[in-house]
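Please keep the sequence and the structure at hand while reading.

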Amino acid sequence: MSPKYANVSEREQEPPSLAISTVIFALRTDPETGRLSLWLPLVRRIRQPYRELWALPGGPLRPSESLQDAAARNLRETTGLSPRYLEQLYAFGGPDRSPSPRVVSIVYWALVQPDEAALARQDENVGWFPADAVGELAFDHNQIIDYALWRLRNKMEYGSIAYAFLGPTFTLAQVREVYEAVLGRELDPANFRRQLQSTQDIERTDSFLQGGRHRPPRLYRYTGPELQTDAFPSEEATES
């Protein structure tokens, strides 16, 4: 069978293909420190280019899919996850980011709560890595993760994105754990508590967290702008 392209020049004239990749951030307990830290799942490439290197979950955009539907499908197929928070991050399309033919990737990022992360698929080709220690990855995926971390940490400083990592109710200490895990540094508990209680995005509940050895802490709920996205189609829409 003759090759599709006769030479390099013809390959360079071909329009770029379009792919979807996703950075999935989750809080997991570090086995060495016992503290929450930021992790993400990666998939091992089983074909060239970059065979055996780890990479972000992703794949080509199907002709009939929206960008968000493609991101949702890739997440389900590679990790088994359907996170509630999914947002478009950036487009990466440098001419040298992959061997010919050129590929432009639309990158999404997802934030996963601990109970969701515990359900993620994990095998010899799907593994979880500390977000700031992923090693050498395929393509330009190290650059993509660095950019996603920068965006996430910036949003943590001025927005309400931390609550995407938490359930419907939470303690103030749990919110501080999220900030410390994402920012990678310890925060003064008293100062953080005062700042958090002065915000208008959370409210006290009449419930307390039970099960500890000390006085149970009060539970709060998030009351700010909606964080959940409608990125994932319903089961009916998926099956049709």
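The model is predicted. Its largest pocket has a volume of about 860 Å³, and its second largest pocket has a volume of about 430 Å³. Helices α4 and α5 cross with left-handed geometry, and both contribute to the lining of the second largest pocket.

**Helix pair α4 and α5**

- Helix α4 spans residues 141-158 and helix α5 spans residues 172-183; their axes come within 10 Å and cross at roughly 145°.
- On the α4 side, the contact is made by L152, R153, M156 and E157, and on the α5 side by V178, Y179, V182 and L183.
- By class, this contact of α4 with α5 comprises six nonpolar residues, two charged residues and no polar ones.

**Largest pocket**

- The lining consists of 33 residues, and those closest to the centre of the pocket are R45, R47, G58, G59 and P60.
- At least two lining residues each come from β1 (17-29), β2 (36-44), β4 (58-60), α2 (67-79) and β6 (103-112).
- Strand β1 supplies the largest share, five residues.
- The lining has 14 nonpolar, twelve polar and seven charged residues.

**Second largest pocket**

- A total of 21 residues line this pocket, with R35, L36, S37, E180 and A181 nearest its centre.
- Two or more lining residues come from each of β2, α4 and α5.
- Helix α5 gives the most to this lining, with five residues.
- Nine charged, seven nonpolar and five polar residues make up the lining.

Definitions and conventions. Residues are numbered from 1 along each chain as its sequence is written. This is a predicted model: local features need pLDDT of at least 70, side-chain atom pairs count only at pLDDT 80 or more; totals for chains, interfaces and linings use all residues. Side-chain values use heavy atoms; hydrogens and water are left out. Axes are lines fitted to C-alpha atoms, for helices over the stretch in contact, and angles run from 0 to 180 degrees between N-to-C directions. Helices (H or I, at least four residues) and strands (E, at least two) are DSSP runs, numbered from the N terminus. A crossing is left-handed if the near helix is turned anticlockwise from the far one by less than a right angle, and right-handed if clockwise. Contact means heavy atoms within 4.5 Å. Ala, Val, Leu, Ile, Met, Phe, Trp, Tyr, Cys and Pro count as nonpolar, Asp, Glu, Lys and Arg as charged, and the others, Gly among them, as polar. On a 1 Å grid over the protein atoms alone, a cavity is a set of points where a 1.4 Å probe fits but cannot get out, and a pocket is an open set with protein on both sides within 12 Å along at least five of seven lines; lining residues have an atom within 4 Å of a point. Grid points are joined across faces, edges and corners, and a volume is the space filled by probe spheres set on the points.
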